[in-house]
Amino acid sequence: MPNDEKSLLSRRKLLVSMGMAGTAMVAGGLLQSTAFASPSVTEAVYGNQGEGEEEKKKKKNLNGCDCCVQLATIAELRAKTNAQPDDIYYVTNHGQEGHFYYDSTDSTSLDNTGTVLVSVSGARFKRIYEGELNIQWFGAKGDGVTDDTQAVQACFDTAKYGTIFIPEGTFILTSPIIVPEGTSIRGNGYESKLRAIACDCLSFAISNIISPIVVEKFAIFGDQADDYAAIKVAGSANTAHRTTGITFSNIYISFYGTGMSLRSLWHSRIYGCYINNVFAGINVHGQCVKNVIDSCQITRGTGTITGTGDSMAISVDAGFDYDPGGTTIHRPEDLIITKTLTYGFDIGVNWRSCLYGSISDCDLDACLKYGIQYVQADGGLTIRNNYIALLLENALGAISAINLSVPGSSAFCSIENNNITHYSVEANSECIGIRLGWNQDNTIIQGNRITGMKKYDIFVEACENVNISSNTLLSDVTTSIYVSIMTGVVYMNENRMSGSMFCHPANEKVVVNSVYVRNLLPTTASTWKKGDTVYNSDLTLISGLYYVLSWLRLTDGTGDVLGTDWVENRINI
């Protein structure tokens, strides 16, 4: 074989410049002799000077090969004492295959098994590659038995601002993998598995820069321990410390206490993830701003993983996230939850102290207590176009919205066009479709379809400026809409109801079908004044044709003859 130094040097430089494409070509024996005025790589490695066919196929020992591309194991490279700057070495270890070159200018890089190998003589052999780093290059076996923690972490430590590739296999982890800032992760689908034993799986480092990354297409399995999270973005109460721009896509998570725990995460998206067999699906807490949960599936599974309090598919909460030593609370803001399925949790979505957001086009199925529990101190929430189904007999309600702030705060809630039902015919006698209360002012309840409740379809108390309109209320209940003592105006327009409508007599600001009604009592026990109006607190459908909304007084005095002293104000159906 020719040993011209220029020829050898050109080969190494060409491989480096061609990157992965060059690597693939060399591995396949595609660099032909015409390119270099020399034999093919296959011939150069195995020889063609009269050997038999078996000899041609036999791999030469590293130290005895005088060619530009030499076959070697990792152990042989580490043992080498006579490296040549112009030679290329092809590592043959299974899962770690690839081309390395000797960098004679480097005497400090550490051996990480994957991209840098250091020989006994101090030579640095460096992998020729472009793009992703494969965790198997660093020694991860993926056999479901070997502890791959150290190898996987070495790969992540090397890939800052790069991309990690997780091939098919089951990689055992016994401590959390710290993901450096700016590091993307890609697998090959469900068969690319990380299995963590009694620990969090992936813990993302705080990033103070905008560095969009993608984490996608692999599976994470826990061991049913309830104290850990499959994916954790730890964050900080310090608003200067945040992680920005992560897309979590098509990740399968199972057998964990918490699927994802996200804190101080900004401008990020969780898309198409399947989270199963967990106590808590996705926790969003602290100052997480402008994030989206889209097209995910979150299921309770077998229910064998337990925790403290209620199980929740999605929990949004400030979590008492204060500045260190301060009193300023940092809350989630502008969270969008859309096109997501939850199944079998005590609470589908628990929404507390989040400044604005929406829950839309979701399927919150088989909820054991609440579909959506909304407890707010400020801001507001839009709940629109969802299917919400309660399951067990002791379920309390599909949507419960309460504001813990003071009257007149900016809290609002829009509950529109939701389909709400209860599977069980033996539902809790206290079960309510939509419950609104405690200063949850400026709220619209409109276009909802409710069936299967046992107490009321809609219950409202201690609010003002509430609009209940165009709802279809089909539950087999005596009272479909119950309005307790209110602090301001309540509007009820064009609702279709199977039961009656009750409004507490103390309410003086009620508008029904655009008719303003004020309840007045006589000035004495038995004396009425002309023009007094008495609201009917028990709206019962009469002859299937109309409700009597109120009675208008026609005369002064104590007479009580309908048509002479009173006239009915009817609502025709």
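Select Asp111 first. In this predicted model, Asp111 is partly exposed, with a relative accessible area of 31%. Colour by secondary structure. Arg78 belongs to helix H5 (residues 74-79), while Asp111 sits in the loop between S3 and strand S4 (116-118), so this bridge ties together parts that are 33 residues apart in sequence.

A search of the whole structure finds 14 salt bridges. Go to Lys160 and Glu181. Their closest N and O atoms are 3.8 Å apart, and they form a salt bridge. This pair links distant parts of the chain, 21 residues apart. Lys160 is in the loop between helix H6 (149-158) and strand S8 (163-166). Glu181 is in the loop between strand S10 (177-179) and strand S11 (184-187). Lys160 counts as partly exposed at 44% relative accessibility, whereas Glu181 is buried, with a relative accessible area of 18%.

Next, select Asp200 and Lys232. They form a salt bridge with the closest N and O atoms 3.1 Å apart. Here too the pair links distant parts of the chain, 32 residues apart. Asp200 is in the loop between strand S12 (192-196) and strand S13 (202-204), and Lys232 is in strand S15 (residues 229-233). Asp200 counts as buried at 12% relative accessibility. Lys232 is partly exposed, with a relative accessible area of 27%.

Finish the charges with three residues at once: Asp103, Asp106 and Lys126. Salt bridges link them in a network.

**Aromatic pairs**

Show the rings of Phe, Tyr and Trp. The count of aromatic pairs is twelve. Start with Tyr102 and Phe125. Their ring centres are 5.8 Å apart and their planes stand at 45°, so the pair is tilted. Tyr102 is in strand S3 (residues 98-103) and Phe125 in strand S5 (residues 124-127), so the pair ties together parts 23 residues apart in sequence. Are these two residues buried or exposed? Both Tyr102 and Phe125 are buried.

Move to Tyr252 and Tyr274. The ring centres are 5.1 Å apart and the planes are at 80°, so this pair is edge-to-face. Tyr252 lies in strand S16 and Tyr274 in strand S19 (residues 274-285), so parts 22 residues apart in sequence are tied together. Tyr252 counts as buried at 16% relative accessibility. Tyr274 is partly exposed, with a relative accessible area of 29%. Together with Tyr252 and Tyr274 they form one aromatic cluster.

One more ring: Trp137. The charged end of Arg127 sits over it, 4.1 Å from the ring centre.

**Backbone stops**

Most residues other than glycine have a negative phi. Two stops go against that pattern. Lys217 is in strand S14 (residues 210-221) and counts as partly exposed at 39% relative accessibility. Then pick Asn250. Its phi is also positive, near 50°. Asn250 lies in strand S16 (residues 243-263) and counts as partly exposed at 39% relative accessibility.

Select Ser315, in strand S22 (residues 312-317). Ser315 counts as buried at 12% relative accessibility. Leaving out residues up to four places away in sequence, Ser315 touches Ile282, Asn283, Val284 and Asn350. Draw a line to Asn283. The C-alpha atoms of Ser315 and Asn283 are 4.8 Å apart, although the residues are 32 apart along the chain.

**A surface patch**

Switch to the surface view. Leu552, Leu554 and Val567 form a nonpolar patch there, with about 200 Å² of accessible area together. Val567 is in strand S48 (residues 566-572) and counts as partly exposed at 35% relative accessibility.

**Zoom out**

Now show the whole protein chain. How many helices and strands are there? The chain has six helices and 48 strands. Of its 573 residues, 53% count as buried. The accessible surface is about 24500 Å², and 50% of that belongs to carbon and sulfur atoms. Among contacts between residues at least 6 apart in sequence, 55% join residues at least 24 apart.

Conventions:
Residues numbered from 1 in each chain as written. Predicted model: local features only at pLDDT ≥ 70, side-chain atom pairs only at ≥ 80, totals over all residues. Heavy atoms only, no water. Patch = residues over 30% accessible without salt bridge, like charges linked within 9 Å, V, L, I, M, F, W, Y side chains within 5 Å. Areas by Shrake-Rupley, 256 points an atom, 1.4 Å probe, with all protein chains shown as cover. Salt bridge = Lys/Arg side-chain N within 4 Å of Asp/Glu carboxyl O. Helix = DSSP H or I, 4+ residues; strand = E, 2+ residues; numbered from the N terminus. Buried < 20%, exposed > 50% of the residue type's maximum accessible area, 1.4 Å probe, protein only. Phe/Tyr/Trp six-rings, centres within 6.5 Å; stacked < 30°, edge-to-face > 60°. Lys NZ or Arg CZ within 6 Å of the ring centre and 35° of its normal. Contact = heavy atoms within 4.5 Å.
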